[in-house]
Amino acid sequence: MRCIVAKYIIYMMVVKRDKYIIHVSDEILSILDKYKQKNYQNESGGIILGSVYEDNNIYLSKLSEPNASDKSSRYSFERDKKTAQMIVNSEFYKSDGKVIYLGEWHTHPESNPSPSFTDIKMIKKQYKNNKINEDFLILLVQGIEKLYIGIYNDNQLIDK
Ligand SMILES: [Zn+2]
C-alpha cells in the first residue's frame, strides 16, 4: 500500500484584488517577516510560487529566499535568474504541475511600501518575457510594517 503524506498549508491572509481572491500562506508571511528591513538590512527578494483554482482563487504557498547569487543593496534587489528557474522547475515537478511561478517579492525600507517605477517596469518585463500559465502576475512588497499586494494584468498593476 502506498502512503501519501501531504503537507497541510494554512492560509491566514485573504485579500481581494479586482476579480481575484488572493490567499497568502502562513509560511510566506513568516518568511516576509524575517526579511523586514528593520535594522539597515539590504533589500531581499525572490519569486512567488503557488496554485490557481476556479473562480479566480489564487493560493500563494511558497517564496524563494535570497541566495548568494542575488545582487542586493539597501535600495535595490535583483534576483539571480538561474536559481529561480531551478526552483520553479523542481516545485512544478514535485507537485505534479500544481505549483507554478506566480510572481515576484522583495522588501522596501519604508513602513507602508508602494512599488517603485523600477518595480513596475520589472513586473511588466517578467509578464512579457516569461512563459506564464496564467494571465496575471503577483507583486508583493514587504515594508517595515505593511505588506503591499498587487496583481498585474491587462497592462496595469491593481492593488485595490
Ligand atoms: Zn521595490
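How many of the seven residues of strand 4 are buried? Five are, so strand 4 is mostly covered; buried here means that 20 or more other C-beta atoms lie within 10 Å of a residue's own, exposed means 12 or fewer, and partly exposed is in between, with C-beta atoms placed from the backbone.

Before going on, two points about the model. It is a predicted model, in which local features need pLDDT of at least 70 and side-chain atom pairs count only at pLDDT 80 or more, while totals for chains, interfaces and linings use all residues. Residues are numbered from 1 along each chain as its sequence is written.

Now the overall picture. The protein chain has three helices and ten strands. Helices (H or I, at least four residues) and strands (E, at least two) are DSSP runs, numbered from the N terminus. Along the sequence the order is β-β-α-β-β-β-β-α-β-α-β-β-β. The C-alpha trace spans about 55 × 35 × 30 Å along its principal axes. For 160 residues, a compact globule would have a radius of gyration near 15 Å, and the protein chain agrees with that at 15 Å. That radius is taken over C-alpha atoms, and the globule rule is 2.2 Å times the number of residues to the power 0.38.

Of the 160 residues, 31% count as buried. Two residues are in contact if their C-beta atoms, placed from the backbone, lie within 7 Å. Among contacts between residues at least 6 apart in sequence, 64% join residues at least 24 apart.

Back to strand 4 and its partners. Two strands pair if DSSP finds at least two bridges between them. Strand 2 pairs with strand 4 in the parallel sense, over four bridges, and His 23 has Tyr 59 of strand 4 as its bridge partner. Strand 3 runs antiparallel to strand 4, and six bridges join them; one of the pairs is Tyr 53 with Asn 57 of strand 4.

The hairpin of strand 3 and strand 4 has three residues between the strands, and Asp 55 takes a positive phi near 60 degrees there. Asn 56 sits in the loop between those strands, and its phi is also positive, near 55 degrees. Most residues other than glycine have a negative phi. Asn 56 counts as partly exposed because it has 16 C-beta neighbours inside 10 Å. Another positive phi, about 55 degrees, belongs to Asp 18, in the loop between strand 1 (11–17) and strand 2. With 14 C-beta neighbours inside 10 Å, Asp 18 is partly exposed.

Next, the core. A nonpolar core is a set of buried Ala, Val, Leu, Ile, Met, Phe, Trp, Tyr and Cys residues joined through C-beta atoms within 7 Å. The largest one has 25 residues, and those touching the most other members include Ile 48, Leu 60 and Leu 139. Among the elements that each supply at least two residues of this core are strand 2 (20–25), helix 1 (26–34), strand 3 (45–53) and strand 4 (57–63). Strand 8 gives the largest share, five residues. Leaving aside neighbours within four places in sequence, Leu 139 has contacts including Gly 103, Pro 115, Ile 123, Tyr 152 and Leu 157.

Last, a residue in a helix. Is Asn 89 buried or exposed? Asn 89 counts as exposed, because it has 11 C-beta neighbours inside 10 Å. Asn 89 lies in helix 2 (residues 81–94). Its C-alpha atom is 9.5 Å from that of Val 99, ten residues apart along the chain.
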